Amino acid sequence: MSDRSSECGRRPLWHASAGVGLALLVLVLLVVQGLRLTRELAPQPLLLLPMIGALDNCLLSRSAGPNVETCAGDVDSAARLIDGTLESLGPRWSAERDYELGYTLNVPLLRLFNRSSDGRWTVDQAAARRVANTIERSPRSMVLYLFSTHFSVGGALEAQLGADPLNLAVGPTGRPMDKDRYYHLDIYPWSVATRDNVLTRMREQAMEAVLEQVCLLPTEDLRKIKGVTVLGELHHLFPGFQAGMGVSTDYAVSDYSEQSIQDFQRFIRARFESVNALNAALGSEYDRFDQVVPPSRNIRTQRLRRYEDHIDSYAGGVLPIGGWAHVAGAETPWIHVFVNGKLAARTPANQSRQDVLEAVPSLGTADVGWRYDLDYSGFPPGMYRIDVALERGNAPLQYLTSRSVGVIGRDQQAPAPKPQAALPPMVEVQRGTSFWVDTPPDQLSLYFNPLVNLWHEFRQVQVTRHLDHFARVVRRSCLGRGPVYTHQIVPFANPGWDASRFGVEHSLGINTGMALGISLYGRAAYGPEIVNWLQSRREQVLGAGALAGQRPYGITEFHPLKAMGPEELRRVLQAHRNEGAQFVSFFMEPRVRGRLIEPGMNLFSFDPENPDYGSAALYRSMTQILRFGRADGTVPSRTEPAVSVQ
């Protein structure tokens with residue numbers, strides 16, 4: 001009894017201690033989870049991964065002799081050239097260890113081929129091994145860039161591929177598009193509408209050869225690879241690429257191949273339950289889905305078979321109203337847009353217009369552009385007056401100009417004037433104000449065709465599917481568990497461009513299955529607008545108020561196009577780091593012991609000898625950030641603002 005009673009008497013004590021232990025265990029787990037969450041939410045060191053020019057000499061060379069000096073004495077990789085070039089910029093880790101300096105390894109896929117005596121093209125396995133050797137011999141973190149875009153890399157293979165119509169995008173006339181030119185580079189209009197061609201197979205072969213060699217590396221070398229970017233800037237092409245990006249030029253997009261037309265019809269069929277539903281949405285009169293063809297003609301100059309054939313920069317129901325404005329010695333002016341006397345928009349004139357700065361260098365800044373997209377798709381037919389005014393502080397509005405546009409119905413009757421409200425009091429343009437209104441032209445006729453928006457949506461999906469096809473090649477390899485990035489332009493960030501021509505919006509979205517990689521030029525690199533867009537993109541998934549850093553992305557090209565001091569550049573980098581950027585890539589020139597080894601220079605390279613686009617100052621500022629940290633020795637706060645608005 002006594003033994004049993006003492007045993008029974010001990011039970012409550014055992015349960016009590018167990019309860020305390022359980023509580024302590026829960027507390028420990030909560031602390032560990034809290035520390036883990038803190039680490040996840042805290043911004044990780046931002047990778048600075050410049051893309052160094054002339055590495056092809058080290059990766060693709062067939063003989064050691066002439067390349068020993070070019071490749072810093074390394075005949076079988078580009079590692080010495082990379083490390084030597086980066087050492088001139090700064091140490092691997094910044095003073096506060098918030099930045100790590102590595103590199104982006106650009107591998108030109110269509111140059112990884114040799115032609116045999118019988119004319120067959122085979123992958124140069126030695127070149128693929130040099131790519132892997134480079135990763136192995138450099139201790140630095142890096143991103144592998146499997147590059148193949150419309151920009152020519154030279155050589156007989158490209159010329160042969162470019163002569164095959166199956167590899168080329170088809171224009172609205174039904175013929176393959178011609179080879180184009182962008183400054184000093186040839187542009188091949190490679191198709192994104194089909195993957196059943198030789199171009200795709202050769203890209204796949206080159207990618208697989210490189211990935212096979214890389215995957216032979218030891219695990220410690222594979223850990224250096226922080227991601228893979230595929231192809232590069234991929235989008236639909238259009239004639240006159242260099243000067244044809246604006247809304248006022250001829251509108252001739254792609255792709256109108258038979259394959260693309262059939263895929264578009266399947267896209268339409270999947271969207272609508274019946275032809276009746278399609279007609280109700282479009283106001284059309286189709287009898288069958290196979291009658292639906294992509295819009296390809298301009299109603300002003302070409303005969304239409306159906307109204308739905310019409311397409312131009314405005315046919316999607318949006319009228320861009322834009323230009324530039326600058327007030328000497330004043331802060332950013334604001335533009336007021338009135339439609340029939342009623343205020344429709346108030347927007348700052350602070351968007352990047354590099355073309356304006358080059359034409360009027362006395363302005364001293366490219367951040368003078370503005371744009372407002374007026375949705376006219378629901379407007380009744382009629383004549384509409386657009387008035388534009390400039391706001392400068394508390395001074396009276398300065399009246400800039402007016403335009404008249406006509407919304408035309410399907411019956412194409414002459415539009416009648418709409419009632420006008422009285423404008424607020426305004427004064428003439430004052431001394432020190434410079435401006436221009438690019439669009440719309442006066443007396444512009446507008447024809448809304450809702451089929452155009454479906455066509456553009458389909459073209460965007462084509463781009464995403466094409467990218468994803470090559471991303472799947474990476475996912476099948478040992479690198480498939482890591483991030484596979486896009487390398488896309490952001491055309492809507494340029495107020496002078498017509499983004500619909502490129503068809504990239506879907507590939508910038510949240511449901512692509514790929515990590516977002518974007519190229520940022522001008523204000524898109526440093527202004528708050530891109531950060532705001534990234535936040536809204538993230539909130540589409542996580543909801544309003546979602547924490548920063550939850551939708552990682554990479555900046556595949558970082559080109560501010562202006563000089564920045566160390567603290568301004570640091571604030572920009574910190575803003576992207578806080579938002580979730582994993583790496584920032586920019587161009588650099590190759591150097592051996594500090595000496596340039598290649599004639600010529602990329603206009604955008606961060607280099608102490610590059611006078612263009614503030615590049616020398618950007619190089620010095622990056623060096624300051626890496627070598628010396630802040631002037632006051634403090635560590636940056638993750639709540640710092642992006643930049644002050646110009």
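**Note on the salt bridges**

1. Asp309 is buried, with a relative accessible area of 3%; buried means under 20% relative accessible area, exposed over 50%, and partly exposed in between (1.4 Å probe, protein chains only). The side chain of Asp309 meets that of Arg305 in a salt bridge, at 3.1 Å from N to O. A salt bridge here is a side-chain nitrogen of Lys or Arg within 4 Å of a carboxyl oxygen of Asp or Glu. Arg305 counts as exposed, at 53% relative accessibility.

2. This is a predicted model, in which local features need pLDDT of at least 70 and side-chain atom pairs count only at pLDDT 80 or more, while totals for chains, interfaces and linings use all residues. Residues are numbered from 1 along each chain as its sequence is written, and side-chain values use heavy atoms, with hydrogens and water left out.

3. Glu391 and Arg346 form a salt bridge whose closest N and O atoms are 2.7 Å apart. Glu391 belongs to strand S16 (residues 382–391) and Arg346 to strand S13 (residues 342–348), so this pair ties together parts that are 45 residues apart in sequence. Strands (E, at least two residues) are DSSP runs, numbered from the N terminus. Glu391 is buried at 15% relative accessible area, whereas Arg346 is partly exposed at 42%.

4. Arg120 pairs with Asp118 in a salt bridge, with 2.9 Å between the closest N and O atoms. Asp118 counts as exposed, at 51% relative accessibility.

5. How many salt bridges does the structure hold? The count is 34.

Methods:
Helices (H or I, at least four residues) and strands (E, at least two) are DSSP runs, numbered from the N terminus.
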